[in-house]
Amino acid sequence: MCGDVVSPEEASRTAHSKLIDKNIKQDEQELSRVAKTTTKILLLGAGESGKSTILKQFKVIYGSGFTEEDVKSYRAAILGNVVLCAKALVTAMDMLQIPYGFQPAQFEARRLNMLSNAPLVSEEGDTNESRPEGRMPKVFDPLALIAQEEYFAVGGEAATPSAAQIVKQAVVFKADNLSEMEIRSIKFVWEDCGVQYCYKRKNEFQLLDCCG
């Protein structure tokens, strides 16, 4: 008695099924091997604390480095941060009332004079110049007051230079396609001495840690 005759189509399906089973088994073995040799790390931390930076360092030191796609995405993120920081600074210039071109060194004598004439404040908050335990109030900042006076003297927000206006209008998510004018404007703003003074007061407004 002859055995069952298998058609060519059936034989092909059987061979294909066996190949799939073999590939699945190989994948399972590879996953098992990787699981045994892989150490998983959970990075926890607040925003801007360096979690992504640590991951990138691991990739550079122990991995295969960055792909071309990685480089493109990081470039866009870096340029986005540049625009975001520049916009934060020009916004803070008006919020803190600092004029562009403000040079603190020019007002040093005036600042010292204001300090010498300022009343001392006691621990209870009462003004009393005769008390030895008196101290200057923390909110008193002569240079900030001088900057404020100069800000209004030159016209306030109306005196904002065109470069700062261009930075204000720049779009963060389009930072990887900045125009030449936008790039020059960002450089102009950062090099301005008034903006540098504003940057020194970065504890008074929100600014990314990567700025500077």
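**The packing of H3 and H8**

Guide: Helix H3 (residues 68–95) packs with helix H8 (residues 193–200) at an angle of about 90 degrees, and their axes lie 10 Å apart. H3 is therefore roughly perpendicular to H8, a term for angles of 65 to 115 degrees. Axes here are lines fitted to C-alpha atoms over the stretch in contact, and angles run from 0 to 180 degrees between N-to-C directions. Helices are DSSP runs of H or I with at least four residues, numbered from the N terminus. In contact, meaning heavy atoms within 4.5 Å, are Leu89, Ala92 and Met93 of H3 with Gly194, Val195, Cys198 and Tyr199 of H8. These residues comprise six nonpolar, one polar and no charged; Ala, Val, Leu, Ile, Met, Phe, Trp, Tyr, Cys and Pro count as nonpolar, Asp, Glu, Lys and Arg as charged, and the others, Gly among them, as polar.

The model is predicted: local features need pLDDT of at least 70 and side-chain atom pairs 80 or more, while totals for chains, interfaces and linings use all residues. Residues are numbered from 1 along each chain as its sequence is written, and side-chain values use heavy atoms, leaving out hydrogens and water.

Between H3 and helix H4 (108–117) runs a loop that holds Gln97. Phi of Gln97 is near 60 degrees, a positive value in a residue other than glycine.

Elsewhere, the structure has nine salt bridges, each a side-chain nitrogen of Lys or Arg within 4 Å of a carboxyl oxygen of Asp or Glu. One of them joins Glu10 and Arg13 (3.5 Å, N to O).

Technical notes: Helices (H or I, at least four residues) and strands (E, at least two) are DSSP runs, numbered from the N terminus. Angles under 35 degrees count as roughly parallel, over 145 as roughly antiparallel, 65 to 115 as roughly perpendicular and the rest as oblique.
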